[in-house]
Amino acid sequence: MKEVFRIALRNVLRHKRRAFITAITMMVGIALFISFDSLMAGVDRMSIENMINLSHSSLKIFTKDYLAERDVYPLDYGIADPQAVAKRLGTDPLVKAVTTRTEFLGQLSDYRNVLPVRGIVINPEQDPKVFTLAKYTQGSFFGAGGADGADGTDASTGVNLEEVSNPIVLGSTLAQKFDLKLGDTILLSARTRYDSQNADEFTVIGLLTAFDPAVDNSAFLTYATANQFLDLENLVTEMDVKLVHRLNIDQTVRDANAVAASVKASDPTLTAQTFKELGRAYFDLMGTKRSITLAMVMIILLIAAVGIVNTVLMSVYARIREVGVLKALGFRRREVVWMFTLEGIFVGVFGSIMGAVLGAGLNYLLITRGIPLSFFGDSSIAAGLPFWGTMYGVWNPGTIIFALVFGVLIATVAAIIPARKAAKMTATDALRFV
Amino acid sequence: MEPILILKGVRKVYQKAERSVEALRGIDLSIDRGALVAVVGPSGSGKTTLLNIIGCLDLPTEGSVRYDGRELGRMSEKELAVYRKENISFIFQSYNLIPVLTVIENVELPMVIERRYSRKEMRERASEIVDAVGLGEMADRFPRELSGGQEQRVAIARALVKNPIVVLADEPTANLDSHTAEEIVELMERMNETRNTTFVFSTHDSLVQRHAHRVVTIRDGLIRADEAEVDRRINV
């Protein structure tokens, strides 16, 4: 056995160049797999975090009746005692912040064109603790400070955005449709809580660009404004909960499920949906994306496997007479198979280790520096997916170990095929082979 | 004393594509223990086939091969492997050393395969035989660093290291110049005398034949002449 090992190892070392070139194929395959997986996981994480920070929060609480009709944003089913719910959630160590929101359907008009709009009434003190919309707002996000500064005065218009009577923050997609700038006014109409129609002029104090179509097509008001405009009387149709940050998405999902379960258990009229349930479409897409990634990697590794088959096959053909001698000396068939298979394994192990090291190196760069989407030439590459800016990788030791094991496994399987071919020959056939 | 090897009516037919080639057409041959036998004949006469059958690398289509009173044709695959491993060694025309092993490692290889010897015992026996073939100084060299004659010496050492009863050598001097060829045959002769090893070797070379105790001439798969040393001396 030791001799078989020694012969195999020395044969690999004897044909260094051949072995090295094959190992490089393996290395590239494995490194690409690790980096690609890291990037995909990074994009997933970023997307999920953006989903949580911009629209879904970690979980949303509604009344059961509201959820049944949520598609039309009814103002009929408010949470009876939001303060009590918030207080109860405040004692849960998993909960970081809670805010209240009320969504409604309205219409925006500049007296020429009319567009339907989803209105979101927010609590300006609590909302920034759950959502990070202010970060993406040009102008002001109801005092939470926009991209332009906190003093309230917009540099381009000179309007003090904090002091307007009917402030509204618009998603930039909506604003563009009406060609609105900060300080401009727009007519908003909606049905009030008591089903009468109301309309009023609002001043745009913030323009929100979050690249999330749901956010960029919404209009935001505060309860202070909406209580008058919609006769809300502080009606709260949903509560948004932000949980403590976890590095692991699966852990975040488990946390959200646990809090959702406790909400449901504490009040039978309430229900809760986690970000995973709210973003089901994206999570489904994530699964598909993962399958595609895996298929791509399989193809890359298959190419590497062909390289291994070729290397071992060349080795077999170059040494068929040697096989004859070994068999004449008493080598058994399985020892011949093992000898050539070991050669493939050596190349595979070497290639896989190099691939893992290179992959880890690339991964480090992806994690620390990332790839700006502008690198791909167009920042709209995200095409409606909730990520933008710079794509970062994620450390996943499991992937590196998987790639290593998988690489060695592929190399072994690839080497066994020609090795068996060599072992099948009789000693005389092998010795006669020219 | 009964001969160590007895072949009776051995035929070997190879099936090549759609035609069959009869390499041996009924060989009767007996070889005494400790003999130094040369099998001569033109290319394609059946020399290598005969050696392969004696060495159990190939099976006869017909006829019987008895080794030390035992019929090889009745042995199982496993018994044949044991017989080959314990009694027979091979020397090849193109030496066929394992290129990635040193001289001493090549010589140790048959013992390694047998797994019966300790590391120390293997090294001692290998060193002894490597010295005996005159390559003591080159024990740690690789085959690529040796001349053809030296490589064949290693092959002989490898064949002899387990003290086999029979050594089969297929054209052992074909790739060597006449001087080296003679040295190699003299080495086999010396080993034959000192160890009483039976050598059966095939050759074209008349110089080499002179050293044999017996020369068996084979042509078209049949033995055409079988001369003992004494007869040949008379003929000369």
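Me: What makes α11(A) stand out in the lining of the second largest cavity?

Reply: In this predicted model, α11(A) gives the most to that lining, with three residues.

Me: Which residues line the second largest cavity, and which elements give two or more of them?

Reply: The lining consists of A:N11, A:V12, A:H15, A:R18, A:A19, A:T311, A:V312, A:S315, A:E343 and A:V347. The elements that give two or more residues are α1 (2–14), α2 (16–56), α11 (280–318) and α13 (333–368) of chain A.

Me: Why is this space called a cavity?

Reply: The term applies because a 1.4 Å probe fits there but cannot get out. The second largest cavity holds about 70 Å³ of space.

Me: What makes A:R18 and A:E343 count as charged?

Reply: Both belong to the lining, and they count as charged because Arg and Glu are in that class. The lining divides into four nonpolar, four polar and two charged residues.

Me: How many cavities of 30 Å³ or more are there, and what volume has the largest?

Reply: The count is four, and the largest cavity has a volume of about 80 Å³.

Me: Which residues place the largest cavity against both chain A and chain B?

Reply: A:A328 and A:L329 line it from chain A, and the chain B residues include B:R84, B:I88, B:F90 and B:R158. At least two lining residues each come from α12 (320–329) of chain A and from α2 (77–87), β6 (88–91) and α5 (148–160) of chain B. β6(B) gives the most, with three residues. The lining of the largest cavity divides into six nonpolar, one polar and four charged residues.

Notes. Residues numbered from 1 in each chain as written. Chains lettered and ligands numbered in written order. Predicted model: local features only at pLDDT ≥ 70, side-chain atom pairs only at ≥ 80, totals over all residues. Heavy atoms only, no water. 1 Å grid on protein atoms, 1.4 Å probe; cavity = no way out; pocket = protein on both sides within 12 Å on 5 of 7 lines; lining within 4 Å. Points joined across faces, edges and corners; volume = space filled by probe spheres on them. Helix = DSSP H or I, 4+ residues; strand = E, 2+ residues; numbered from the N terminus.
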